[in-house]
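Please read this note alongside the coordinates.

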Amino acid sequence: MNLHTIGIIIRREYLNKVKKKSFLVTTLLVPILVAGFTIGMIFMVMNTKEKTKNIAVVDKSTISMPYLTDNEIIHFTDCSEIPLEDLKTNLEERGYDGVLSISEIDTVAKSFSADIYSNKPFGMELTENVNNRLNQAMEDYRVASYNIEGLDEIMKEIKENVKLRSFTISSDGEEKVSEAGVNSMVSMILGIVIFMFVTLFGGMVMTAVIEEKSSRIVEVLVSSVKATELMFGKIIGIALVALTQFLLWILLGGVIIGAGSKFLGEKMMDMDPTALVESVSGTGDAIQMDAISVLASQDNELGMALDTLRNLPWAQIIIAFVVFFVFGYLLYASLFAAVGSAVENEGDTQQLQIPLTIPLMLAYIIALYAFKAPDSSVAFWGSIFPFTSPIVMIARIPFGVPTWELILSFVLLALTFCLCAWVSAKIYKVGILMYGKKSTFKDLWNWLKQK
């Protein structure tokens, strides 16, 4: 193959894709839409509050009303002297949105039941808030029923939520924070990104081949260059387009998210700490949480998450990401190019694409579960098998992968790419000039046997 010729084809393919309006529109819109969706979701969560509801309470238990204090979303009124049926049938006239009926206490079971009636269903935030308050009332009643002095304080003291902190020990004995949740998130994101890009840009190669074949432009091209040079030039050219678009997405997305984070950060600073805790927990005053301590705990967890991110082997992750992405893309792009050369329109590709989509979907599924058991046999073999390794290996790296596994996985992937590129080139050379017949796997096999 002539490298100079391939270089010309790469340049042509790259400029042809980059100059298209669709490329510019996609490059600008995708980060804006993704960042806008992310910021919008955060903004909605922060600002979604249910309209204040007026709730009438018929408390036959006689112990619950002190726990039903007003807050931003609920205003309680003690209506225990009014018949329940009268309240239920005249809610709007009396100015109530609902009526909460609490039964008498069953002294044997030490419990009571509660029902809430309304003309329209309440949201989950309100019902959970009320339910938590009633549970707290029942719990305090049961504690008091034992008539043990100081039992309520004892119960508070023995209740403790243990936060398990995770550390990894390096070869030199250094301890580093390693939160499994953060590692799982990084693992999932890396696996999904490679899956999306291999699928997206591999399909772009196939589409480009089909377009040139159906327009008969390829007949002119192969009269000047070899079919294999055309195939590899097209694959590498689109790979450069993919990297260009990826880098632009990162740059634009970072700017947009950075600006949005500053805006949201200022809004969060303006929020009352107690209101912020209640909006997150939905427990209201019944649990009597200390807002400052909760926020301090959240700050501590955030600090551990940031420490985990800093302690990740980013150099290894970035190098492995680039290597496995490039070779994974080249592997599948060469196969997609062969499929594109064997058909005349995209509607005929479904049958021939099945052998390619199955390992990609399998890799995606394994990657989604790799963070639960990164050293399991399924995850290990998925990261070694060349057709799934580009996605699964990247998903395992945040949890630590022995060097020999990385080397073995890469060597097998590179060898498989060379083999598939040779097979695809033989199919491409014949299929690109075939017209008027729907190709089958038998046809591909016959083309492969031709010298």
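1. The model is predicted, so local features need pLDDT of at least 70 and side-chain atom pairs count only at pLDDT 80 or more, whereas totals for chains, interfaces and linings use all residues. Residues are numbered from 1 along each chain as its sequence is written, and side-chain values use heavy atoms, with hydrogens and water left out.

2. Helix α15 (residues 389–396) packs with helix α16 (residues 403–431) at about 165°, their axes being 11 Å apart. Axes are lines fitted to C-alpha atoms, for helices over the stretch in contact, with angles from 0 to 180 degrees between N-to-C directions; helices (H or I, at least four residues) are DSSP runs numbered from the N terminus. The two helices are therefore roughly antiparallel (angles over 145 degrees; under 35 counts as roughly parallel). Their crossing is left-handed, that is, the near helix is turned anticlockwise from the far one by less than a right angle.

3. In this contact (heavy atoms within 4.5 Å), α15 supplies S389, P390, M393 and R396, and α16 supplies E405, L406, S409 and L413. Four of the residues in the contact of α15 with α16 are nonpolar, two polar and two charged. Nonpolar here covers Ala, Val, Leu, Ile, Met, Phe, Trp, Tyr, Cys and Pro; charged covers Asp, Glu, Lys and Arg; the others, Gly among them, are polar.

4. The axes of α12 and α15 come within 9 Å, crossing at roughly 170°. α12 and α15 are therefore roughly antiparallel, and this crossing too is left-handed. A320, F321, F324 and G328 of α12 touch S389, P390, M393 and I394 of α15. The contact of α12 with α15 has six nonpolar, two polar and no charged residues.

5. Helix α13 (residues 350–370) packs against α15 at about 10°, with the axes 8 Å apart; these two are therefore roughly parallel. On the α13 side are L360, A363, Y364, I366, A367 and A370, meeting I391, V392, A395 and R396 of α15. The classes are nine nonpolar, no polar and one charged.

6. How many cavities of 30 Å³ or more does a search of the whole structure find? There are two. A cavity is a set of points on a 1 Å grid over the protein atoms alone where a 1.4 Å probe fits but cannot get out, and lining residues have an atom within 4 Å of a point.

7. The second largest cavity holds about 30 Å³, and its lining consists of V193, F197, L243, F246, F321 and F325. Two or more lining residues come from each of α7 (180–214), α9 (227–270) and α12 (314–341). That lining has six nonpolar, no polar and no charged residues.

Technical notes. 1 Å grid on protein atoms, 1.4 Å probe; cavity = no way out; pocket = protein on both sides within 12 Å on 5 of 7 lines; lining within 4 Å. Points joined across faces, edges and corners; volume = space filled by probe spheres on them. Parallel < 35°, antiparallel > 145°, perpendicular 65-115°, else oblique.
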